[in-house]
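Please view the structure alongside the text.

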Amino acid sequence: MLRQIQKIIDEEISPSLRLHNGAIKLIDVDNDIVYITFLGGCQGCSAASLTLKAGIEARIKEKFPEIKEVIDLTRHGEGKNPYYK
């Protein structure tokens, strides 16, 4: 499942994030929970939680209904150039 979720991230989610100089990294899938971190312009962005729930999590759950949640492990306070402050 990890590879399939990575493919969705690479092909469907990342192109939109790159428009804001951002990215996400898939960390793990464990017990039907996906763990990610935001990078670049997404790290520290004030819209990251909305992007996570309404965009990333919604798309992953659409493709993989067994996924319970997508959890953001990002340390947003360490973001150096967030897209929205």
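## Helices, sheet and core

Helix α2 (residues 48-63) lies across β1, β2 and β3, and runs at about 145° to β3. Helices (H or I, at least four residues) and strands (E, at least two) are DSSP runs numbered from the N terminus. Angles run from 0 to 180 degrees between N-to-C directions, with axes as lines fitted to C-alpha atoms, for helices over the stretch in contact; contact means heavy atoms within 4.5 Å. This is a predicted model, in which local features need pLDDT of at least 70 and side-chain atom pairs count only at pLDDT 80 or more, while totals for chains, interfaces and linings use all residues. Residues are numbered from 1 along each chain as its sequence is written, and side-chain values use heavy atoms, with hydrogens and water left out.

| Helix | Residues | Reference strand | Angle |
|---|---|---|---|
| α2 | 48-63 | β3 | about 145° |

At Glu-57, α2 bends by about 35°, the bend being the angle between axes fitted to the seven residues ending there and the seven starting there. The end C-alpha atoms of α2 are 21 Å apart, which agrees with the 22 Å that its 16 residues should span at 1.5 Å a residue; the expected span is 1.5 Å times one less than the number of residues.

The three strands form an open sheet in the order β1-β2-β3, with mixed pairing. Its edge strands, β1 (22-30) and β3 (69-72), each pair on one side only. From one strand to the next the twist averages 30°. Two strands pair if DSSP finds at least two bridges between them; β1 and β2 (residues 33-40) are antiparallel over eight bridges. Ala-23 has Leu-39 of β2 as its bridge partner, and Asp-30 stands opposite Ile-33 in β2. Two residues separate the strands of this hairpin, where Asn-31 takes a positive phi near 50°.

Buried residues (under 20% relative accessible area, 1.4 Å probe, protein chains only) of α2 are Ala-48, Leu-52, Ile-56, Glu-57 and Ile-60. They pack against α1, β1, β2 and β3. Ile-60 is also among the residues with the most contacts inside the largest nonpolar core, which has 19 residues. Such a core is a set of buried Ala, Val, Leu, Ile, Met, Phe, Trp, Tyr and Cys residues joined through side-chain atoms within 4.5 Å. The largest share of this core, five residues, comes from α1. Beyond its neighbours within four places in sequence, Ile-60 contacts Ile-5, Ile-13, Val-34, Ile-67 and Val-70.

Key:
Buried < 20%, exposed > 50% of the residue type's maximum accessible area, 1.4 Å probe, protein only.
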